[in-house]
Amino acid sequence: MTRSARRTRRTLQVAGAGAAALLALSACSSSDDSSSSKSDSSASASPKPSGTVTVFAAASLQESFTTLGKEFEKAHPGTRVTFNFGGSDTLAASITGGAPADVFAAASPKTMAIVTDKGDGVGTPATFVRNQLEIATLPGNPDKVTSLKDLTRSSLKVVLCDKTVPCGAAAQRRSPRAS
């Protein structure tokens, strides 16, 4: 499978899972009408989502989630989805510091735990997509890199993500050159 096909498949997986997350959490949306109460919304058998859903999400989800947000708004007139994209650690610190968020999509379970361990009415997290490490090469793969072992060649320049982000942590666990 080509890198482009894998990327498309991953985007579709993120989009599908993200749509499910937005739909499931739409009942948690912040109402623009401060006079609304939870008892008013529970009187209807199937309340229609309304108001604003505030989503804090890892920067890697920006393209997929922005598309999902537009689709959600179109499918649910009267709703608005606002986003705050950034590093998961920064977003988690904002949330635990009091920033209002209806949905938090972190890049790792470790970062999600920063928010869930704090409590304060946080729901149960669910994994909706997983990453898979990939080896990226120059176009045409001139150095004929086909496995992790090939990365041990001293003639190659190997670049890894920072170890504080999920792709870097995974690379540190698997890289033959990790220190």
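1. Helices (H or I, at least four residues) and strands (E, at least two) are DSSP runs, numbered from the N terminus. The model is predicted: local features need pLDDT of at least 70, side-chain atom pairs count only at pLDDT 80 or more, and totals for chains, interfaces and linings use all residues. Residues are numbered from 1 along each chain as its sequence is written, and side-chain values use heavy atoms, with hydrogens and water left out.

2. Start with the overall layout. The protein chain holds 6 helices and 3 strands. Along the sequence they follow the pattern α-α-β-α-β-α-β-α-α. Of the 179 residues, 26% are buried. Buried means under 20% relative accessible area, exposed over 50%, and partly exposed in between (1.4 Å probe, protein chains only). Contact means heavy atoms within 4.5 Å. Among contacts with a separation of 6 or more, 55% come from residues 24 or more positions apart.

3. Two strands pair if DSSP finds at least two bridges between them. Axes are lines fitted to C-alpha atoms, for helices over the stretch in contact, and angles run from 0 to 180 degrees between N-to-C directions.

4. Look closely at strand 1 (residues 51-58). 8 of its 8 residues are buried, so strand 1 is largely enclosed by the rest of the structure. Strand 1 pairs with strand 2 (residues 79-86) in the parallel sense over 8 bridges. Val55 stands opposite Phe83 in strand 2. The chain passes from strand 1 through helix 3 (residues 62-75) to strand 2, a right-handed β-α-β crossover. Right-handed means that, with the strands pointing away from the viewer, the path from the first strand over the helix to the second runs clockwise. Strand 1 also runs parallel to strand 3 (residues 103-105), joined by 3 bridges. There, Phe56 has Phe104 as its bridge partner.

5. Now a helix pair. The axes of helix 4 (residues 88-96) and helix 5 (residues 109-116) come within 9 Å and cross at roughly 5°. The two are therefore roughly parallel to each other. Angles under 35 degrees count as roughly parallel, over 145 as roughly antiparallel, 65 to 115 as roughly perpendicular and the rest as oblique. Ser88, Asp89, Ala92, Ile95 and Thr96 in helix 4 meet Thr111, Ile114 and Val115 in helix 5. By class, this contact has 4 nonpolar, 3 polar and 1 charged residues. Here Ala, Val, Leu, Ile, Met, Phe, Trp, Tyr, Cys and Pro count as nonpolar, Asp, Glu, Lys and Arg as charged, and the others, Gly among them, as polar.

6. Some loop residues deserve a look. Ser108 sits between strand 3 and helix 5. Its relative accessibility is 16%, so Ser108 counts as buried.

7. Asn141 lies in the loop between helix 5 and helix 6 (166-174). Its phi is near 50°, a positive value in a residue other than glycine. Lys144 lies in the loop between helix 5 and helix 6. Lys144 has a positive phi of about 55° although it is not a glycine. At 58% relative accessibility, Lys144 counts as exposed.
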